Amino acid sequence: MLNPTAARQLISMQGERVRWFQALPCDCRDPGDPDYGDERTCTKCEHGYVYREQELEDGVKALVTRQRREYLHPEVGMIRVQDLTVTTMADELPVDEFDKLVLVERAVSKKEIVRRGSGTSDVLGEAYPVEVVTVADGDTVFVAGEDFVFDESEGAVVWLADGDRPDGQTYAVHYTHAPVYWYTGAMMTEARPMPGHGAKWPQTGILNSKFPEG
Ligand SMILES: [Zn+2]
């Protein structure tokens, strides 16, 4: 990448849309506590981090490429070849260590039996559903916008007040869901200011398909 302007153009043309969940250390983490560590029973966080989704401006993308080499990360050990790298512009998507990126354009199909709950919505089994294709039971194919709506941030089918609902305790949902990756830091190139320019270089780091533990 020759310069920030070219990098921004490349990311915009060849990048993909993502959802970004920022990691903040949870208040259950207390380095002064002798029990601090793996024995946490906190339900607010994952691995000591609370994740909050960050809104991205329209059109913001991340350039995701397959990582083919191995190398040693000082904290999490060897990063393996099947991992991905991601490049973003730091002013658009300042992804940081242990953040999650959901690759919504890489969603795969799933058909699931969903149990009708007592409330107005039913959460789908996968953490990051992207699109609901079909909702049906043996008798009825339900109509999006009339019988139900899909809530992406909740990952749920929400039943509407005036629409039809399943008769039985279960129904079928055909939907797509996206893989989630953990960002393990900008060990390749840090976002840094260009001499004489206000613009910054893009930042590149590794995406792991599992939470990176040492
Ligand atoms: Zn916690």
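**Helix H1**

I began with the face of H1 turned away from its buried side, and found Thr5, Ala6, Gln9, Met13 and Gln14 exposed there. I note that the model is predicted.

Next I looked up which residues of H1, spanning residues 4-14, are buried, and listed Pro4, Ala7 and Ile11. They cover an arc of only 60° around the axis, so I place them on the same side of H1. I then asked what covers the buried residues of H1. The cover includes three strands: S3 (63-66), S6 (84-89) and S15 (202-208).

**Strand S15**

I turned to S15 and checked how many of its residues are buried. Six of the seven are, so I wrote S15 down as largely enclosed by the rest of the structure.

I looked up two pairings of S15. S6 pairs with S15 in the antiparallel sense, over six bridges.

**Sheet S8-S13-S10**

My last entry is on an open sheet of three strands, in the order S8-S13-S10, with antiparallel pairing. I noted S8 (108-115) and S10 (129-136) as the edge strands, since each pairs on one side only. On average, neighbouring strands of this sheet are turned by 30° against each other, direction ignored.

I then followed S10 to S13 (residues 170-177) and recorded six bridges between these antiparallel strands. Threonine 134 stands opposite histidine 174 in S13.

Technical notes: Residues numbered from 1 in each chain as written. Predicted model: local features only at pLDDT ≥ 70, side-chain atom pairs only at ≥ 80, totals over all residues. Buried ≥ 20, exposed ≤ 12 C-beta atoms within 10 Å, placed from the backbone. Helix = DSSP H or I, 4+ residues; strand = E, 2+ residues; numbered from the N terminus. Arc of directions from axis to C-beta. Contact = placed C-beta atoms within 7 Å. Pairing = 2+ DSSP bridges. Axes fitted to C-alpha atoms, helices over the stretch in contact; angles between N-to-C directions.
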